[in-house]
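Q: I'd like to learn how to read a structure feature by feature. Could you walk me through one?

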Amino acid sequence: MPNTRHEINLIDSFEKIPVKIFNTPALGSAFVAVEIADLIKDRQRKGQKTVLGLATGSTPISLYAELVRLHREQGLSFKDVITFNLDEYYPLEHDAFQSYHSFMHRHLFKHIDIDPSNIHLPNGELPKDQIKQHCQEYEQMIESAGGIDLQVLGIGNNGHIGFNEPGSSLFSKTRLVTLDNSTRIANAREFQNISQVPRLAITMGISTILKAKRIVLMAWGMKAPILARSVEGQVTEQIPASILQQHNDCTFVVDEIAAADLTRISSPWLTGECEWTPAMIKRAVVNMSLKTKKPVLSLTTHDYNENGVGDLLVEKGDAYEINLQVYYMLRDSITGWPGGKPDAHIPKHPERSHIQPKRCVIFSPHPDDDIISMGGTFMRLHDQGHEVHVAYQTSGNIAVTDEFVTRFLDFAVGFEDMFGIDNHTSKEILSDAQRFLARKRKNQVDTPEIRAIKGLIRRCEAKATCRYVGLPDTRAHFLNLPFYETGTIEKKPLGEEDIQITMECLRSLKPHQVYCAGDLADPHGTHKVCLDIIFESFRRLKAAGDEWLKDCWVWLYKGAWQEWDIDEIEMAIPMSPDQVMKKRFGIFIHQSQKDMVPFLGTDSREFWQRAEERNSNTANLYAQLGMTQYAAMEAFVRWKEL
Ligand code: F6R
């Protein structure tokens with residue numbers, strides 16, 4: 001079945017599924033919510049019921065929030081809506097926090113006027129010998145309801161839809177499946193650790209999904225590679241989402257980050273219209289250099305034509321001139337002076353040489369992001385005489401294991417015994433905490449005291465890192481932003497108090513340089529919220545006319561979870577092998593985050609390994625482009641909206 005398209009253009013020759021790109025997940029979700037609301041209202045007018053296929057996971061949370069809003073504020077009624085969820089873990093009790101039953105009630109059903117008898121989810125509580133029949137009945141129930149009018153989907157990093165893992169047959173129906181290891185690792189964020197993630201799940205099949213009259217797949221954030229392969233690649237059972245190319249009414253609704261690898265975004269010169277800004281020229285030439293494995297200065301007219309960049313030559317002239325332009329851009333981004341080189345007036349230097357020393361604030365979403373993501377730069381700034389402060393945004397308490405905190409409780413009890421300390425309150429807190437942990441049920445939320453102790457452990461580690469770098473204790477600021485303090489993986493949305501605390505911190509320090517985490521890929525979205533809080537604080541400070549802002553530059557780092565693309569980097573700080581080692585030992589100080597870290601995301605390596613690999617990779621890419629070969633490099637992009 002071909003996709004219904006009226007006009008064929010160059011983008012369509014790459015994208016075999018219509019893709020709508022929105023700036024943010026909120027805008028994309030609002031768009032999908034309107035489509036769903038219109039469908040429900042239209043069918044209600046005709047006296048018909050609407051059958052929705054629903055997904056879970058992090059992706060549809062904002063869609064459900066918007067549907068709830070439409071229900072509350074605009075009276076959208078779900079009385080005539082029948083729902084079928086895609087999947088459920090097996091075995092798992094309905095009332096477990098991680099079950100998709102609980103998820104759906106928490107995010108949608110309990111907030112709307114749907115008739116509970118119209119809600120259907122695969123049943124994760126049945127004995128195994130009843131599953132086959134249950135799955136057949138599930139299919140029949142969908143058919144008896146008239147089939148799914150609109151199916152909402154997310155996409156796994158391996159391309160799964162529902163829990164149809166790579167290799168699932170085009171003809172598969174609702175059934176019990178084994179979860180791919182990568183899916184279990186990805187979904188470990190919903191559980192305390194990987195061992196608690198069920199190995200099996202019940203999922204609608206690919207053929208069940210394809211029977212839906214309309215399909216909307218949503219993807220936000222770090223799904224770019226798999227999204228591009230699903231939309232632009234061959235149809236293959238190895239990428240289940242690519243099979244959606246065969247559906248005649250399917251749309252992908254994505255945000256800009258998830259769209260990043262589509263050809264029209266990553267290499268717009270190949271899909272037609274392309275405005276040759278300096279950044280675009282840099283991207284095209286850098287891509288070509290890496291693809292052809294030739295240093296930038298060795299690229300020829302022939303390479304430009306062969307790689308679809310001939311258009312640039314038509315517009316800008318000689319290949320060598322363009323090569324030189326890009327070479328200088330790359331060269332000028334490298335500096336050993338992140339705070340600017342004093343008294344050296346280098347016009348193209350990434351940082352200002354005036355204002356020396358600078359007052360710098362590193363915002364660290366968790367207590368170890370500073371050292372993991374920009375440890376080399378952190379040390380350099382301090383060693384070069386700048387006044388470096390670190391503002392730790394969240395307590396990071398949920399990432400400390402119970403075993404780890406038990407060790408500290410034992411220490412505290414032992415310390416009291418050793419010195420005969422007889423403080424009633426402290427004894428009570430310690431014994432309550434020990435008792436709670438001894439009896440703690442799976443996934444039970446910690447008491448406020450235990451959370452506080454876990455936060456304290458991380459705070460001490462952060463302080464130790466600052467001391468290791470050479471900072472006095474007064475330069476470590478612990479903001480403990482309230483949005484994070486739920487004790488669970490799901491955080492509160494960004495709140496007014498978070499912004500006030502951040503504005504106060506900025507106003508009291510009046511920095512010349514601010515570093516913040518621009519990587520939006522951490523598994524629980526904490527970095528994204530932390531960044532939004534900083535941006536909003538800056539916007540308000542600017543609106544309030546704070547004078548000091550005119551001397552303040554903001555740099556974004558990545559590193560713990562991903563790295564900037566090489567063509568985006570505006571400041572690259574090289575590191576010697578010794579500095580790499582020094583950074584590694586700085587990361588080791590965060591002992592609570594070594595070995596058994598509960599929330600590692602899809603990458604099972606420890607943070608120091610990821611950081612080292614990313615930093616050396618950046619250095620190697622620079623070298624491949626024809627720059628000097630360094631051992632490692634940390635990379636930054638400037639936020640210019642200030
Ligand atoms: C959820 C489901 C899965 C998710 C996918 C993406 O019901 O069936 O296919 O849509 O794993 O998960 P998130 O949205 O958490 O990235």
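Q: Is Asn 480 buried, exposed or partly exposed?

A: The general idea is a set of cut-offs: buried means under 20% relative accessible area, exposed means over 50%, and partly exposed is in between (1.4 Å probe, protein chains only). Here Asn 480 has a relative accessible area of 32%, so this residue is partly exposed. One caution before we go on: this is a predicted model, where local features need pLDDT of at least 70 and side-chain atom pairs count only at pLDDT 80 or more, while totals for chains, interfaces and linings use all residues. Residues are numbered from 1 along each chain as its sequence is written, and side-chain values use heavy atoms, with hydrogens and water left out.

Q: Where does Asn 480 sit, and what is its phi?

A: For elements, take DSSP runs numbered from the N terminus: helices are H or I with at least four residues, strands are E with at least two. Asn 480 falls in the loop between β13 (476-478) and α19 (496-509). Its phi is positive, about 45°, although Asn 480 is not a glycine.

Q: What is the phi of Ile 355, and where is this residue found?

A: Ile 355 isn't a glycine either, and its phi is positive at about 60°. Look in the loop between α14 and β11. With 21% relative accessibility, Ile 355 counts as partly exposed.

Q: Which residues does a cis peptide bond join?

A: In the loop between α14 (319-333) and β11 (359-364) you'll find Pro 357, and the bond from Gln 356 to Pro 357 is cis, with omega about -15°. Tyr 90 and Pro 91 are also joined by a cis peptide bond, with omega about -15°. That proline, Pro 91, lies in the loop between β4 (87-90) and α4 (100-107).

Q: How many helices and strands are there in the protein?

A: The protein has 22 helices and 17 strands.

Q: What is the order of the strands in the open sheet of 7 strands?

A: Start with pairing: two strands pair if DSSP finds at least two bridges between them. The open sheet here runs β1-β10-β9-β6-β2-β3-β5, with parallel pairing. At its edges are β1 (19-22) and β5 (119-120), each of which pairs on one side only.

Q: Which residues are buried on the faces of strand β6?

A: In a regular strand, side chains alternate between the two faces of the sheet. In β6 (residues 150-153), one side carries Leu 150 and Val 152, the other Gln 151 and Leu 153; all are buried, and both faces are covered. As for partners, β6 is joined to the parallel strand β9 (residues 214-219) by 4 bridges, with Leu 150 opposite Arg 214. Strand β2 (residues 50-54) also pairs with β6 in the parallel sense, over 2 bridges, and there Gly 53 stands opposite Gln 151.

Q: Is Asp 12 buried or exposed?

A: Asp 12 has a relative accessible area of 11%, so it is buried. You'll find Asp 12 in helix α1 (residues 10-14). Compare sequence with space, too: Asp 12 and Arg 264 are 252 residues apart in sequence, but 9.8 Å apart C-alpha to C-alpha.

Q: What about Arg 614: buried or exposed?

A: Arg 614 is buried, at 15% relative accessible area, and belongs to helix α22 (residues 607-624). Glu 563 is 51 residues from Arg 614 in sequence and 6.7 Å away in space, C-alpha to C-alpha.

Q: How much of the protein is buried?

A: Buried residues are 55% of the 642. For contacts, meaning heavy atoms within 4.5 Å, look at those with a separation of 6 or more: 76% are between residues 24 or more positions apart.
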